[in-house]
Amino acid sequence: TWVLSAKFHEEFETLFGPLNLRIIHAPMKSIERATVKTSTDGDYGLAQMREDGREYSDPNGKFLRDILRLSLLCPSQESLEAAHGMLVGAHPPVATKDRRAEPPHDVLQTVWWRGLIVEIQLHFADVIAVKTLSHAAYNLSRVPTGNLKNLYQSVFDHSIMHLEKFATVEDGLARDIVSKLHF
């Protein structure tokens, strides 16, 4: 699957290259997030699908729409429209979520690519910094709080046992403890 992810990002770099837009490559959705989304009470569970008026059938993993994804940072309305037109001209569209008139002022487009539904997020470059901050808070809100070790591991890229050996924050920073929250 990692090979498929690399091919996805490479092909979409080539597609959007002529527009000279900044592309943010998102990692492939983790098995943990996919499992949550397809669980009984997840976005693609039977109850939620029925509540949303969507048809349900097993295996429900086929409904995942963003296992492979990337974001385009568009400096203007014109560049966003050009990128969107290029995208749906090259790949059959599945669904469009146009949120330009409301926060977070973006367009989410799913398309077919090699038998998978993939997501391309088109953002206005001027508002992406705010989205980055809100996404960091959202990631923290998804962490189960029953075990605070999970919260720690979601925020910092370093083992707890190793960190406890440090006497001061400066000592830890000198040893490359880094935050996973990128602003």
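This is a predicted model: local features need pLDDT of at least 70, side-chain atom pairs count only at pLDDT 80 or more; totals for chains, interfaces and linings use all residues.
The chain has 183 residues, of which 31% count as buried. Its secondary structure comprises 8 helices and 5 strands. Read from the N terminus, the elements follow the order α-β-α-α-β-α-β-β-β-α-α-α-α. Contacts between residues at least 6 apart in sequence were examined for their span. Of these, 50% join residues at least 24 apart.

Strands of a sheet pair through backbone hydrogen bonds, in either a parallel or an antiparallel sense. Strand 4 (residues 106-113) and strand 5 (residues 116-124) are antiparallel and share 8 bridges. Within this pairing, Thr 110 has Glu 119 of strand 5 as its bridge partner. The loop between strand 4 and strand 5 holds Arg 114. Arg 114 is not a glycine, yet its phi is positive, at about 50°.

The nonpolar interior was considered next. In soluble globular proteins, nonpolar side chains tend to be buried together. The largest nonpolar core contains 21 residues. Phe 8, Phe 12, Phe 16, Leu 72 and Ile 120 have the most contacts inside this core. Helix 1 (2-16), strand 2 (69-74), helix 4 (77-90), strand 4 and strand 5 each contribute at least two residues to the core. A second, separate core has 5 residues, among them Ala 34, Tyr 44, Met 49 and Phe 63. The surroundings of Phe 8 were also listed, leaving aside neighbours within four places in sequence. Phe 8 is in contact with Leu 68, Arg 69 and Leu 70, and also with Trp 113, Val 118 and Ile 120.

Several loops show backbone features of note. One runs from Asp 58 to Pro 59, with omega near -10°. Pro 59 lies in the loop between helix 3 (46-51) and strand 2. Another joins Pro 103 and Pro 104, with omega about 10°. Pro 104 belongs to the loop between strand 3 and strand 4. Asn 20 sits in the loop between helix 1 and strand 1. Phi of Asn 20 is near 55°, a positive value in a residue other than glycine. The relative accessibility of Asn 20 is 70%, so this residue counts as exposed.

Lys 29 is placed in the loop between strand 1 and helix 2 (31-38). Its relative accessible area is 13%, so Lys 29 is buried. Residues up to four places away aside, Lys 29 touches Ala 34, Lys 37, Asp 66, Ile 67 and Arg 69.

Side chains of opposite charge can pair when their charged atoms come close. The whole structure contains 7 salt bridges. In one of them, Lys 37 meets Asp 43 at 2.7 Å, N to O. Lys 37 is buried, with a relative accessible area of 13%. Asp 43 is partly exposed, at 36%.

A further salt bridge joins Arg 99 to Asp 106 at 2.8 Å, N to O. Arg 99 has a relative accessible area of 18%, under the 20% limit, and therefore counts as buried. Asp 106 is also buried, at 0% relative accessibility.

Asp 98 counts as partly exposed, at 41% relative accessibility. Arg 100 is partly exposed as well, with a relative accessible area of 28%.

Key
Residues are numbered from 1 along each chain as its sequence is written. Side-chain values use heavy atoms; hydrogens and water are left out. Helices (H or I, at least four residues) and strands (E, at least two) are DSSP runs, numbered from the N terminus. Buried means under 20% relative accessible area, exposed over 50%, partly exposed in between (1.4 Å probe, protein chains only). Contact means heavy atoms within 4.5 Å. Two strands pair if DSSP finds at least two bridges between them. A nonpolar core is a set of buried Ala, Val, Leu, Ile, Met, Phe, Trp, Tyr and Cys residues joined through side-chain atoms within 4.5 Å. A salt bridge is a side-chain nitrogen of Lys or Arg within 4 Å of a carboxyl oxygen of Asp or Glu.
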